[in-house]
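Please read them with the structure open.

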Amino acid sequence: MDYPRDVHECHRCSDLAAEMAAALASASIVFKDNNKYSKKLVHGAETLYQFARDKRGRYSADITYASIFYNSTSYWDEFIWGATWLFYATGNTSYLERATSQACWSFKRTKGGLIQLNRGAPQPLQFVVQAAFLATLYADYLDAAGIPGWYCGLNFYTTQVMHDFSKTQIDYILGKNPRKMSYVVGYGQLYPKHVHHRAASIPKNKIKYTCEGGWKWRDTKKPDPNKIIGAMVGGPDKHDGFRDVRSRYYYTEPRLAGNEGLVAALVALSGKGKAATSIDMSTMFSKIPPMFPPMAPGPAPWKT
């Protein structure tokens, strides 16, 4: 891109700050072996999370230009996301309380089985992959603690049910759906070929196009000259329908918010039951205190 990408200040942006807190908190676990740097990341995460709680507001209300394309409707999901990762990073149970006090929702599914976490609005897959990742992560945590499942409201869900739920959602995305279409470019026989993405749709012809200059490639019916292999698009509508049209961005746009969740879900599911690739429980959950107090030692053996 050869046009300006301005930086904006945000003074009341709880959603953005809590999302950044989650990123720093999760990174502190990755860099656990570098104690000084890991603590610095945790400090940054806690500072940002407190800012998010104290200066409440949606980032797109503070930066109005962003609302045209990337409008935010609330910050409560980011509060949960940030608190979850801060709990993993610190073991502070106050973060767990914040994360779980609002973490149970009821949701609908399409006829094909895709959960509708955004109430049937467009681009559902970015929410689906995050839910699949979190369900698998939580199930792994319970397995590591030797707990068979947990309650959501009055319903009890085993860890196997959580894993199975995650798998069905990723399977849907990869082609096990009414359209038999993979929503990941390059995977399977049928996948989107008119992706709402400049680099995918503009040919390599040594010509620099302005933002408006690329519109003719956006509007062409020709398939993408450059396959953006591995990118997950916005996904189907609430009726399992999909239109492979570049200008219908709500069907065909790949987003970072969705693709990072897809990678996380795939990694979590691929490690299930495989010693070589399974989650490193000693690192991932090392800060978390036991859910139940240790049992008292048994009596001394009888002397004969």
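1. Ser166 sits in helix α7. This is a predicted model, so the points below describe a prediction. Is Ser166 buried or exposed? Ser166 has a relative accessible area of 0%. The cut-off for buried is under 20%, so Ser166 counts as buried.

2. What does Ser166 touch beyond its neighbours within four places in sequence? Its contacts are Ala132, Ala135, Thr136 and Leu269.

3. Helix α7 covers residues 159-173. The loop between α7 and α8 (198-201) holds His196. The UniProt annotation "active site" covers His196, and the entry is unreviewed. Please keep in mind that such annotations may be inferred rather than shown by experiment.

4. How accessible is His196? Its relative accessibility is 23%.

5. Residues up to four places away in sequence aside, His196 touches Arg218, Arg246, Ser247, Tyr249, Thr252, Glu253 and Pro254. One of these contacts, Glu253, also lines the largest cavity.

6. How many cavities of 30 Å³ or more does the structure hold? The count is 1. The largest cavity has a volume of about 50 Å³. Its lining consists of Gln123, Gln126, Met232, Val233, Gly234, Glu253, Arg255, Gly258 and Asn259. By class, the lining residues are 2 nonpolar, 5 polar and 2 charged.

7. On the domain record: UniProt lists residues 1-102 and 107-266 for "domain: Glycoside hydrolase family", again in an unreviewed entry. Residues 107-266 are 37% helix and 8% strand. The end C-alpha atoms of that span lie 22 Å apart.

8. Now the chain as a whole. Its secondary structure comes to 12 helices and 4 strands. The C-alpha trace spans about 90 × 45 × 35 Å along its principal axes.

9. What share of the 304 residues is buried? Buried residues make up 38%. The accessible surface of the chain is about 18,700 Å². Carbon and sulfur atoms account for 59% of that surface.

10. Last, the contacts along the chain.

Definitions and conventions. Residues numbered from 1 in each chain as written. Predicted model: local features only at pLDDT ≥ 70, side-chain atom pairs only at ≥ 80, totals over all residues. Heavy atoms only, no water. 1 Å grid on protein atoms, 1.4 Å probe; cavity = no way out; pocket = protein on both sides within 12 Å on 5 of 7 lines; lining within 4 Å. Points joined across faces, edges and corners; volume = space filled by probe spheres on them. Nonpolar A, V, L, I, M, F, W, Y, C, P; charged D, E, K, R; others polar. Helix = DSSP H or I, 4+ residues; strand = E, 2+ residues; numbered from the N terminus. Buried < 20%, exposed > 50% of the residue type's maximum accessible area, 1.4 Å probe, protein only. Areas by Shrake-Rupley, 256 points an atom, 1.4 Å probe, with all protein chains shown as cover. Contact = heavy atoms within 4.5 Å.
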